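The account starts with a sheet and the helices on it, then turns to cores and single residues.

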Amino acid sequence: MAQKTISLNRMAVGATAIVYGVFVFLLVCMDLYLIGDYQKTRRWEEEQLLSGYVEQLHTDMEENNATFYDVFSNNRYFQALTASLSELEGYNNEHELNFSLTNRVMLEEWMHGFIIYYSGGEKTRYYMDTDRVKRGDIRTVKARADELLQEKNAGWHWIFMETDEHLYGLLSGSKGKAAFCIVYNPDWIEQSLAQEKGGRRIFYVCEGRMFGKEAPDELMEELPGELSRVDNSFRGYMDGSYICAQRVENTQLWVCMASRVTLFTYMNLPQLFLVLFTIGSLFFAWQLYRYMRRELVVPLRELGVVMNRIRDGEWEAVVEHGARFEEIQKINEALGVMMTEIKKQKLLSYEQTIEKQRAQMQYLQLQLKPHFYLNSLKTLNAFALNGESGRMQDLIMHLSYHLRYLLQVERELVPLSAEIDYVRNYEMLQGDMAGRRFSIDWTVQEELDEWKVPTLCIQTFVENSFKYAKLGGMEKELIIWISVSELETEDGRFLDICVRDNGAGYPEHILEEINEEPLEGCVSVGINNLKRRCSLLYQGWVEYDFFNDEGAVSELILPFRQSGTEMVVTG
């Protein structure tokens, strides 16, 4: 079944569009989330600020109510002033009451002044905290209290008034021939919150009137009407401002907070930059699409058309589009020459490559160090001097088997069993020649005889164990573990060969060298020769891993291949 082809043009444009679309989508989502979160946080801060203000205002008014009730109902001096008294008695009782209330004003933060009326309103005594009630406002406040006395003859209630710069609350009531009024300035709370206001304006609405020096004139007519239609709170935009209002409990007083609506009402400066970046990204994406279509998509499409014409036998077809990229022009110029030479060169190139690889593999197999054979000859000489002819014969047989295996250079791959037998023969040779005790522990999975492996693929690592396993003393045994197993993966069948020992491990400079690409003139000739041969045999489908873990560890993973057949891999 033919594999479905994919258009490079469509893939390039489509992939770019999808990636950039996802990027812009995430940017937009981030913009919306950050802006929404910023507005939510800003509204929450405003509501918390306003609620704290209203709560403090309500607490102060309740405290003043309690003070007023205590004086109006329980204070014996005020009760005495409600009756007809002589001038001396009235003065004494007024003096005591004035002294008591003056102390309260100085000690209690919520009470800012008072006015006492007695003798039917003919006589008056008052005291104002000039830190809260400005001297210029005292006469105006007292005049308004006098008017309330004329308007109401019994009971007590709050009335709010405004001077040029301040708002005052008056809680007044009369009883008999006496009357009493508490003065309260809510502006002190606003002053305590000055740093938290952040440019927001605080003002008041009571009984259809707007109070406060920060009250917006443009809302003078509209806002009181809106507040009359709600119960306890109001949120909304009016005349270019965001209004947040809350009614003080058990009163007709509304505390309002106004914020001028600007661009930074909706977002802060970093979010504005992010929005501008998003818009710039959209413009950049459009320009990138136009550029890719003009300079890449159209030339590649024409190149595909020309290649189809060449496939149909039109060898003179060339790309005529004047592309900006130099590579496309060079392809157009080279196509004609390539088509005339490709058939002639294909066979010649293939034969030369095979010969070159064969010669290189023969050279790599014969690149052996002589010290092993010198040691063998020395061992034979020692056996001869000691008259150990039997051991000499065994050593010669093992050595001949060793050489015969090496000199079969025409064989690129050998059965796994042959490589294992060769290593076992090498183990017997080392038993005669090695100066220390050693053992080799084999773990070979069954039914692996069908595997073909490169010659010396296990032997090379075993020799390195003898070379680099520098133990503490000659009496310590060198142990080499060899495991061979099959791996089943999605990409096919692989053979895992792992050789490890209990020695000192590879030196660091050797590890660094053998984990890189094999180079000419390197120190680790055996391992690098094996890596070169595997690269030629398996065309990159081979993996190596060299590291130290309480000794040297060498691992080689090969794909399944039978002699004279192609590798069996997928993916």
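The model is predicted. Five strands make up an open sheet of mixed pairing, and their order is β12-β14-β15-β17-β16. The edges are taken by β12 (438-444) and β16 (543-548); each has a single partner strand, so one side of each has no neighbour in the sheet. On average, neighbouring strands of this sheet are turned by 10° against each other, direction ignored.

Within the sheet, β14 (residues 478-489) and β15 (residues 492-501) are antiparallel and are paired over ten bridges. One of the residues involved is serine 485, whose bridge partner in β15 is aspartate 496. Strands of a sheet pair through backbone hydrogen bonds, in a parallel or an antiparallel sense.

**Helices on the sheet**

Which strands does helix α13 lie across? Helix α13, residues 416-433, lies across β12, β14 and β15, and runs at about 165° to β12. Helix α14 (residues 459-468) also packs on the sheet, where it touches β12, β14, β15, β16 and β17 (552-559). The direction of α14 makes about 150° with that of β14.

Helix α13 also meets helix α12 (residues 389-406): their axes come within 10 Å and cross at roughly 145°. This crossing of α12 and α13 is left-handed. On the α12 side the contact includes Arg391, Leu395 and His398, and on the α13 side it includes Ala418, Glu419 and Tyr422. Sorted by class, the residues in the contact of α12 with α13 are ten nonpolar, three polar and four charged.

**Nonpolar cores**

The largest nonpolar core contains 53 residues. Leu416, Ile458, Val462, Ile482 and Tyr506 are the residues with the most contacts inside this core. Helix α13 gives the most to the core, namely eight residues. In soluble globular proteins, nonpolar side chains tend to be buried together.

Not counting residues up to four places away in sequence, tyrosine 506 touches several residues, including Asn464, Tyr468, Leu511, Phe546, Phe547 and Val553.

| Residue | Relative accessible area | Class |
|---|---|---|
| Asparagine 98 | 13% | buried |
| Histidine 166 | 8% | buried |
| Arginine 437 | 48% | partly exposed |

Asparagine 98 is placed in helix α3 (residues 87-107). Leaving out residues up to four places away in sequence, asparagine 98 touches Phe114, Ile116 and Arg125. Asparagine 98 counts as buried because its relative accessible area of 13% is under 20%.

Histidine 166 lies in a loop, the one between β3 (155-162) and β4 (167-175). Is histidine 166 buried or exposed? At 8% relative accessibility, histidine 166 is buried. Apart from neighbours within four places in sequence, histidine 166 is in contact with Lys134, Asp137, Met161, Asn185 and Asp187.

Arginine 437 is found in the loop between α13 and β12. With 48% relative accessibility, arginine 437 is partly exposed, as that class lies between 20% and 50%. Arginine 437 and lysine 476 are 39 residues apart in sequence, and their C-alpha atoms are 7.1 Å apart in space.

Notes:
Residues are numbered from 1 along each chain as its sequence is written. This is a predicted model: local features need pLDDT of at least 70, side-chain atom pairs count only at pLDDT 80 or more; totals for chains, interfaces and linings use all residues. Side-chain values use heavy atoms; hydrogens and water are left out. Two strands pair if DSSP finds at least two bridges between them. Helices (H or I, at least four residues) and strands (E, at least two) are DSSP runs, numbered from the N terminus. Axes are lines fitted to C-alpha atoms, for helices over the stretch in contact, and angles run from 0 to 180 degrees between N-to-C directions. Contact means heavy atoms within 4.5 Å. A nonpolar core is a set of buried Ala, Val, Leu, Ile, Met, Phe, Trp, Tyr and Cys residues joined through side-chain atoms within 4.5 Å. Buried means under 20% relative accessible area, exposed over 50%, partly exposed in between (1.4 Å probe, protein chains only). A crossing is left-handed if the near helix is turned anticlockwise from the far one by less than a right angle, and right-handed if clockwise. Ala, Val, Leu, Ile, Met, Phe, Trp, Tyr, Cys and Pro count as nonpolar, Asp, Glu, Lys and Arg as charged, and the others, Gly among them, as polar.
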